[in-house]
Amino acid sequence: MEQERKIIIESEHVSKVFDTPDGEHEVVHDLNFSARENEFLVLFGPGQCGKTTIINMIAGFEQTSEGKIMAEGEKVEKPDISRGVVFQSISLFPWMTTMGNVEYGPKIAGVKKKERRERAQKYIDLVGLQGFENSFPNQLSGGMRQRVGIARAYCNEPRVMLMDEPFGALDAQTRYLMQEELQRIWSTEKRTVIFVTNNIEEALYLADRIIVLTSCPATVKKEYVIDLPRPRDLVSEEFLALRKEITGILDSSQWEGET
Ligand SMILES: Nc1ncnc2c1ncn2[C@@H]1O[C@H](COP(=O)(O)OP(=O)(O)OP(=O)(O)O)[C@@H](O)[C@H]1O
Ligand SMILES: [Mg+2]
């Protein structure tokens, strides 16, 4: 039997409470899960359940209120280059070109120009943006901008890639295309990916394993190992059966594509 892969990220009894003018607001409650080396882990949860807060705590942008996040055996206390983030809303530097955005991380890390250009070019090519190196974000479509976001995160060569609904703002057609692309990129450049979505089809298309979250405060509702062969057929019997099963355990109708 294949040996279990090493655990890279672990959430241990994590809770998060925000102080608001109306009092304390618990957004994440006793959250326990782990992500293994090179695993594509999807956190699937309804709108407003606390997904971005979870990603922010794994990234180190937010502190936990209780419990801890461990990254390769060390407690996460601040952001680190070993954890890359692709944000929910596209967050490129508008005054920088594609190349400028993608090489930004290595540049501030002090990587010499020739080396960082080569590296940036590799990831620009990987996301299919060759020819657009000198374009500014406002000259690119939404899908292309999110590709720049992905290339920028990959260019730091992080151990873990955190993706917070990266395709949520795209139209349906572009979204399918990006899911295919990401599947291809992940197969080429293996990384541990923690990917957040509230779209069941996207979750099933991409995941090795899906963690279903409850509505706010987010905690683990159920876990599914998805061992369908890739690339996945969205209308195969197995795919549709899993889709039905997972949406069946949900108690709300706030799920994209299910209303
Ligand atoms: N800094 C903060 N202070 C107070 N409340 C916050 C803060 N950040 C998030 N929240 C609240 O926590 C809840 C969960 O927010 P979060 O953005 O984590 O959810 P989400 O699942 O990512 O939502 P979406 O589906 O819209 O992306 C929301 O009710 C939000 O208002
Ligand atoms: Mg969010």
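**Ground rules.** I note that residues are numbered from 1 along each chain as its sequence is written, with chains lettered from A and ligands numbered from 1 in the order of writing. Because the model is predicted, local features need pLDDT of at least 70 and side-chain atom pairs count only at pLDDT 80 or more, whereas totals for chains, interfaces and linings use all residues, and side-chain values use heavy atoms, with hydrogens and water left out.

**Domains.** I looked up how the protein chain is divided, and found domain 1 (1–82 + 160–259) and domain 2 (94–157), with bounds that come from an automatic or database domain assignment. Their centres, taken over C-alpha atoms, are separated by 25 Å, and 16 residues of domain 1 are in contact with 14 residues of domain 2, contact being heavy atoms within 4.5 Å.

**Cores.** I then turned to the nonpolar cores, each a set of buried Ala, Val, Leu, Ile, Met, Phe, Trp, Tyr and Cys residues joined through side-chain atoms within 4.5 Å; buried means under 20% relative accessible area, exposed over 50%, and partly exposed in between, with a 1.4 Å probe and protein chains only. In the largest core, which has 46 residues, Phe-44, Met-163, Phe-195 and Ile-210 touch the most other members. Helix α5 (residues 142–155) gives this core its largest share, 7 residues, and at least three residues come from each of domain 1 and domain 2. A second, separate core has 27 residues, among them Val-14, Val-28, Ala-35 and Val-160.

**Helix α4.** I read helices (H or I, at least four residues) and strands (E, at least two) as DSSP runs, numbered from the N terminus. Helix α4 (residues 113–126) has 14 residues and reaches 20 Å from its first C-alpha to its last. Its buried residues are Arg-116, Arg-119, Ala-120, Tyr-123, Ile-124 and Leu-126. What covers them includes α2 (98–102), α3 (104–108), α5 and α6 (172–188).

**Magnesium.** Which residues coordinate the magnesium ion (ligand 2)? I found Thr-52 (OG1) and Gln-88 (OE1), at 2.0 to 2.4 Å; donors are N, O and S atoms within 2.8 Å of the metal (3.2 Å for Na, K and Ca), and the site may look incomplete because water is not among the atoms. Thr-52 lies in helix α1 (residues 51–59) and Gln-88 in the loop between β6 (83–86) and α2, so the pair ties together parts 36 residues apart in sequence.

Key: The expected span of a helix is 1.5 Å times one less than its number of residues.
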